[in-house]
Amino acid sequence: MLTLLKLLKDGKFHSGQDLGAALGISRSAVWKQLQQLQGELNLAIHKVRGRGYQLSAPLELLDPALIEAQAAVSPSWPVTVLDTIDSTNAEALRLLAGGRQAPFLLLAERQTAGRGRRGRTWVSPFGENLYYSLLLRIEGGMRQVEGLSLVVGLAVVNTLRELGVVKAGLKWPNDILAEQRKLAGILLELVGDPADVCHVVIGIGINVNMQSTEEVDQQWTSMRLQSGAPVDRNHLAALLSAKLQVYLERHRREGFAAIQPEWEHNHLWQGRQVALIAGAKQIEGKVLGIDRQGALRLEVQGREQVFSGGELSLRLRDDS
Ligand code: BTN
């Protein structure tokens, strides 16, 4: 079915006969596959008598060769693009368990069970956004893991800004927002012993060209909605890899403490009144910043308290 889509991706008209000949199937089989494409991938395909079929807009698909060539990551991160997968993070971990050597980068055009933080689902429609999982081997103990997800956030924000999303910023611990709406999210999953040798999959989801969806259950935005122009996802993936490599290398050499001031500088909720939600508990306070390990520093009833942990979530207080 995706072979057919790839024939149509230029956004021009193609006759049923030509499509059938290219695929070695009948015209009615072409029509059936087109129905399936529309239904499953939510793509609009026009049919005009005498001219054939046309996608409502040209589709730019992810291209591993283009991404590798543009990213210039050294030593290289081999790129694999999957048409559809449950979750690129889950698949990266399965490949690792099957013996694949790190580092490698896995992207997908669509996820059917994209994983978000705190057990949420990451809505992942076909061909519109970036679903990016980088699998790395980490040696050197806890220091190499400390603050890692925050550093990844900085690399993402810098990438987005460079591509014209000027309002992109961070929300502790690793959400990327613009105008209080979610633009990108990060999910790190670790296997092995973080105090010794471990592997980490750095999962990044960026809303790129998505302009509408009913499925996301929180306030969201996309690069295209922010900048007003469609974004080249291959270029985005390459630039993100290049930025990640710079930040990860700095983190490896200098540790998180060296990056902490830059992180705070990009923190949108610095100095704001917030509520920190930890299960059924809610703690209210003012954001002072983060410590040298990446934990959140809050002023609670005149005293500083420090919070860390994957299950915490932060909300702005109404009066903030
Ligand atoms: C969040 O909830 O903010 C984190 C979202 C992370 C989504 C990305 S998309 C690529 C990778 N694969 C997944 O299943 N999740 C991450």
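Modeller: Happy to! Let's begin at the ligand: one of its oxygen atoms is 2.6 Å from an N or O atom in the side chain of Lys182. Please keep in mind that this is a predicted model.

Biologist: Thanks. How much of the ligand's area does the protein bury?

Modeller: The protein buries 98% of the 410 Å² that the ligand exposes when taken alone.

Biologist: And what does Ser87 do there?

Modeller: Ser87 has a polar side-chain atom 2.7 Å from an oxygen atom of the ligand.

Biologist: Which residues come nearest to the ligand?

Modeller: Ser87, Thr88, Arg115, Arg117 and Lys182 do, out of the 20 residues around the ligand.

Biologist: How do the residues of that shell divide into nonpolar, polar and charged?

Modeller: The shell around the ligand has six nonpolar residues, 10 polar ones and four charged ones.

Biologist: Which element gives the largest share of the shell?

Modeller: That is β8, with four residues. The elements that each supply at least two residues are α5 (88-97), β5 (130-139), β8 (181-192) and β9 (197-206).

Biologist: Let's zoom out. What domains does the protein have?

Modeller: The domain assignment gives domain 1 for residues 2-55, domain 2 for 64-264 and domain 3 for 269-316.

Biologist: How far apart are the C-alpha centres of domain 2 and domain 3?

Modeller: Those two centres lie 24 Å apart. In the contact between them, domain 2 takes part with 15 residues and domain 3 with 23 residues.

Biologist: What area is buried between those two?

Modeller: About 1,500 Å² is buried between domain 2 and domain 3, and carbon and sulfur atoms give 55% of it. On the domain 2 side, Arg118, Trp172 and Glu264 supply 44% of the area buried against domain 3, more than any other three residues.

Biologist: Which residue caps the N-terminal end of α4?

Modeller: Asp63 does that for α4 (residues 64-71), with a side-chain oxygen 3.0 Å from the backbone nitrogen of Ala65. After α4 comes Ala72, which has a positive phi near 45°.

Biologist: And what is the phi of Glu179?

Modeller: Glu179 has a positive phi of about 50°, although it is not a glycine. You'll find Glu179 in the loop between β7 and β8, and β8 is the strand with the largest share of the ligand shell.

How values were computed: Residues are numbered from 1 along each chain as its sequence is written. This is a predicted model: local features need pLDDT of at least 70, side-chain atom pairs count only at pLDDT 80 or more; totals for chains, interfaces and linings use all residues. Side-chain values use heavy atoms; hydrogens and water are left out. A residue is near a molecule or strand if one of its heavy atoms lies within 4 Å of it. A polar contact is a pair of N or O atoms within 3.5 Å; within protein, one must be able to donate a hydrogen and the other to accept it, and residues adjacent in sequence count only if both atoms are side-chain atoms. Accessible areas come from the Shrake-Rupley method with a 1.4 Å probe; for residues, only the protein chains shown count as cover. Ala, Val, Leu, Ile, Met, Phe, Trp, Tyr, Cys and Pro count as nonpolar, Asp, Glu, Lys and Arg as charged, and the others, Gly among them, as polar. Domain bounds come from an automatic or database domain assignment. Contact means heavy atoms within 4.5 Å. Buried area is the accessible area (1.4 Å probe) that two parts lose on being put together, summed over both.
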